[in-house]
Amino acid sequence: PFWAPLDYLEACAKRAGELDDIPLAEKILGVVRSCSRSSDASGNALHNYHTSRKFVSILGQLPTVAVTDEDIALIDRWLSDPYDRGLVCSELDKGLIPKLLSSDIPEDWHKAVAILGYCIRLIPGRTGDEYVTVVDDYWLKELLNHHISSFGNKVGAEAANLFRDRLNQLFGGARRSKLGYMYRPAVEDHPQNQDWHGAENRCVEGLRDILLAWIDSAPDAASNYVKKLLESQLGIAQRIALHVI
């Protein structure tokens with residue numbers, strides 16, 4: 001069920017953002033923190049996807065300086081809701097992530113990277129070496145399409161490392177390391193890439209597009225990163241580097 005106070009809290013958050021009212025923001029965050037850390041008698045996290053969605057909207061309206069790294073970490077908990085894996089990402093896409101990336105404060109950019117890491121976290125799929133992203137593929141693709149260039153321009157190395165780590169997780173095993181072309185035949189967008197390999201597609205495209213944007217904003221640093229990818233033992237990383245070159 002929808003928790004009635006959420007609309008009131010969201011209205012207060014909007015007001016706090018408009019007035020840059022940090023004391024009011026702290027009161028609202030106190031409610032968000034308390035509710036998000038609640039658990040049942042067995043110690044299991046309590047989930048309500050309406051509440052999680054609204055909490056993300058609230059964070060996106062508050063002054064960014066009031067939102068701490070610990071508050072950002074709550075997003076990982078909200079994304080683990082067993083009943084919905086898209087609404088939280090949709091709200092992140094519309095509000096909090098663009099607000100953080102458009103900030104003039106570098107600490108806000110790093111908060112955005114942390115959120116990106118939670119969104120592309122891999123969880124086991126149906127078979128032994130299969131993984132899926134914690135966020136539904138449709139919503140993750142929308143988020144990346146809208147903001148991946150901003151990540152490349154603002155925090156190229158940090159964001160690229162996230163996707164490189166996920167690619168190591170996907171393709172670093174003994175069997176998959178030699179068969180990357182089966183899961184992502186073309187680094188570029190191409191009809192031969194299969195939609196059902198969502199995690200592989202998002203991670204390849206994410207690293208690719210971050211590097212392309214990063215090269216535009218900081219060509220020397222990005223070029224050095226591409227050189228390291230060429231020297232990598234991970235075949236898919238070498239292919240992405242060649243594509244970028």
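**Rules and values: a guided tour**

Guide: H3 gives three residues to the lining of the second largest pocket, the largest share. The model is predicted: local features need pLDDT of at least 70 and side-chain atom pairs count only at pLDDT 80 or more, while totals for chains, interfaces and linings use all residues. Numbering runs from 1 along each chain as its sequence is written, and side-chain values use heavy atoms, without hydrogens and water.

Visitor: What makes a residue part of the lining of a pocket?

Guide: An atom within 4 Å of a pocket point. The points sit on a 1 Å grid over the protein atoms alone; a pocket is an open set with protein on both sides within 12 Å along at least five of seven lines, whereas a cavity is a set where a 1.4 Å probe fits but cannot get out. The second largest pocket is lined by Trp 3, Cys 35, Ser 36, Ser 38, Leu 46, His 47, Asn 48, Thr 51, Ser 52, Phe 55, Arg 77 and Trp 78. H2, H3 and H4 are the elements that give two or more residues to this lining.

Visitor: What is the volume of the second largest pocket, and how is a volume defined?

Guide: About 210 Å³. Grid points are joined across faces, edges and corners, and the volume is the space filled by probe spheres set on them.

Visitor: How do the residues of its lining divide?

Guide: Five are nonpolar, six polar and one charged. The classes are by residue type: Ala, Val, Leu, Ile, Met, Phe, Trp, Tyr, Cys and Pro are nonpolar, Asp, Glu, Lys and Arg charged, and the others, Gly among them, polar.

Visitor: How much space lies in the largest pocket?

Guide: About 290 Å³. It has 19 lining residues, and the closest to its centre are Glu 130, Tyr 131, Val 132, Trp 196 and Gly 198. Strand S2 (131-133) and helix H9 (198-217) are the elements that give two or more residues to this lining. The lining holds six nonpolar, five polar and eight charged residues.

Visitor: Which residues of helix H4 are buried?

Guide: In H4 (residues 69-79) they are Asp 71, Ile 72, Leu 74, Ile 75, Trp 78 and Leu 79. Buried means under 20% relative accessible area, exposed over 50%, and partly exposed in between (1.4 Å probe, protein chains only).

Visitor: Why are they said to be on one side or on several sides of H4?

Guide: They cover an arc of only 140° around the axis, so they are on the same side of H4. The arc is taken from the directions from the helix axis to the C-beta atoms. Exposed Asp 69 and Glu 70 are carried by the face turned away from the buried side. The buried residues pack against helix H2 (22-36), helix H3 (49-61), helix H5 (87-101) and helix H6 (106-119).

Visitor: What makes two rings an aromatic pair?

Guide: Rings of Phe, Tyr and Trp (its six-membered ring) pair if their centres lie within 6.5 Å; planes under 30 degrees apart are stacked, over 60 edge-to-face, the rest tilted. The rule gives four aromatic pairs. Tyr 138 and Trp 139 are 5.0 Å centre to centre with 85° between the planes, hence an edge-to-face pair. Tyr 138 has 52% relative accessibility, so it counts as exposed. Trp 139, at 30%, counts as partly exposed.

Visitor: How are Phe 171 and Tyr 183 paired?

Guide: Edge-to-face: 6.3 Å centre to centre, 70° between the planes. Phe 171 lies in helix H7 (residues 137-171) and Tyr 183 in helix H8 (residues 180-183), so the pair ties together parts 12 residues apart in sequence. Phe 171 counts as buried at 1% relative accessibility, and Tyr 183 counts as buried at 11%.

Visitor: Is Glu 200 buried or exposed?

Guide: Buried, because its relative accessible area is 2%. Glu 200 is found in helix H9. Not counting residues up to four places away in sequence, Glu 200 touches Leu 170, Phe 171, Arg 176 and Tyr 183. Contact means heavy atoms within 4.5 Å.

Visitor: What is the phi of Asp 20?

Guide: Positive, about 55°, although Asp 20 is not a glycine. Most residues other than glycine have a negative phi. Asp 20 is in the loop between helix H1 (5-19) and H2.

Technical notes:
Helices (H or I, at least four residues) and strands (E, at least two) are DSSP runs, numbered from the N terminus.
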